[in-house]
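This report examines one protein model by way of its covalent cross-links, its strand pairing and its overall dimensions. The sequence and the structure are shown first.

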Amino acid sequence: AMNVAVQVTRQVQVVDTVAPDINVWGDTNMTHECGEEFIDPGVDAWDSCDGDVNNSIVLSGDTVNENAPGTYVIKYKAVDSNGNWTNEATRTVTVMDTQPPEITLLGNQMMSINCGSTFTDPGATAFDFCEGDISARITVGGDTINRYLPGDYFISYNVSDMSDNTAFTMYRQVTVLDNCSGEGEG
């Protein structure tokens, strides 16, 4: 007697329900100097079924403004061919302005005028790596030049950026020459 087994067919459906892994390159909390080019170190994504899914990485969140101090959060996600999304990965970038502006004197640092002549200050310019041209914020101080009193006078030029970084103070020496005719009034 032969026992004959009834043939049974089993259908197996392979389903991908596992999301890819996403890996953030570099630090997830970064500080960045204002005014310098920001290059995102990036991310990569790998799926157990699809392999490399870097072409499916989606960026969202903030766009880092490299010329504006502040905190920016970049968000990354990736999806596999079966619609399984990664958890959101993030990178926080803090743009900081730590560099002082620079003042450039226009004209010579040492100038002289004849006694009784009017002195016209050629001024100065100021450039900040983060903010650009901040010449309009220069404050001019120092000595008041008495065009009838021979001697050396010093004019100072100061400026600060919006992050309270102060430039190295620049000075101009103005000499009123001792060639007065004695007719002027001080």
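## Disulfide between Cys115 and Cys180

In this predicted model, a disulfide (a pair of cysteine sulfur atoms within 2.5 Å) joins Cys115 to Cys180, with an S to S distance of 1.2 Å. The link of Cys115 and Cys180 is right-handed, with 70° about the S-S bond. Distant parts of the chain are linked by this pair: Cys115 lies in the loop between strand S9 (110–113) and S10, and Cys180 in the segment after S14, 65 residues apart. Strands here are DSSP runs of E with at least two residues, and helices are DSSP runs of H or I with at least four, numbered from the N terminus.

Cys115 is buried, with a relative accessible area of 14%, whereas Cys180 is partly exposed at 33%.

## Disulfide between Cys34 and Cys130

The structure holds two disulfides. Besides the pair described above, Cys34 and Cys130 form a disulfide with their sulfur atoms 1.8 Å apart. Their link is right-handed, with 55° about the S-S bond. Cys34 lies in the loop between S2 and strand S3 (43–47), and Cys130 lies in the loop between strand S10 (124–128) and strand S11 (132–133), so the pair ties together parts that are 96 residues apart in sequence.

Cys34 is buried, with a relative accessible area of 1%, and Cys130 also counts as buried, at 7% relative accessibility. When the bonded cysteines are numbered in sequence order, the pairing is 1-3, 2-4. A further cysteine, Cys49, counts as exposed at 53% relative accessibility.

## Basis of the values

Residues are numbered from 1 along each chain as its sequence is written, and side-chain values use heavy atoms, with hydrogens and water left out. In this predicted model, local features need pLDDT of at least 70 and side-chain atom pairs count only at pLDDT 80 or more, while totals for chains, interfaces and linings use all residues.

## Overall form

The protein has zero helices and 14 strands. The radius of gyration, taken over C-alpha atoms, is compared with a globule rule of 2.2 Å times the number of residues to the power 0.38. The protein has a radius of gyration of 34 Å, well over the 16 Å that the rule gives for 186 residues, so it is more spread out than a compact globule. Along its principal axes, the C-alpha trace spans about 145 × 20 × 20 Å.

Of the 186 residues, 31% count as buried. The protein exposes about 12,100 Å², of which carbon and sulfur atoms supply 49%; these accessible areas come from the Shrake-Rupley method with a 1.4 Å probe. Contact means heavy atoms within 4.5 Å. Among contacts between residues at least 6 apart in sequence, 56% join residues at least 24 apart.

Two strands pair if DSSP finds at least two bridges between them. Four strands form an open sheet in the order S2-S7-S6-S5, with mixed pairing. The edge strands, each pairing on one side only, are strand S2 (29–33) and strand S5 (58–61). Strand S6 (residues 70–77) and S7 run antiparallel and are joined by seven bridges. Within this pairing, Ala89 in S7 is the bridge partner of Tyr76.

Thr92 is found in strand S7 (residues 89–96). Leaving aside neighbours within four places in sequence, Thr92 is in contact with Thr28, Asn29, Met30, Thr71, Tyr72 and Val73. Thr92 and Ala19 are 73 residues apart in sequence and 24 Å apart in space, C-alpha to C-alpha.

## Strands S12 to S14

Strand S12 (residues 139–142) and strand S13 (residues 151–158) pair in the antiparallel sense over four bridges, and Thr139 stands opposite Asn158 in S13. S13 also runs antiparallel to strand S14 (residues 170–176), to which seven bridges join it. In this second pairing, Gly151 stands opposite Val176 in S14.

Notes: Buried means under 20% relative accessible area, exposed over 50%, partly exposed in between (1.4 Å probe, protein chains only).
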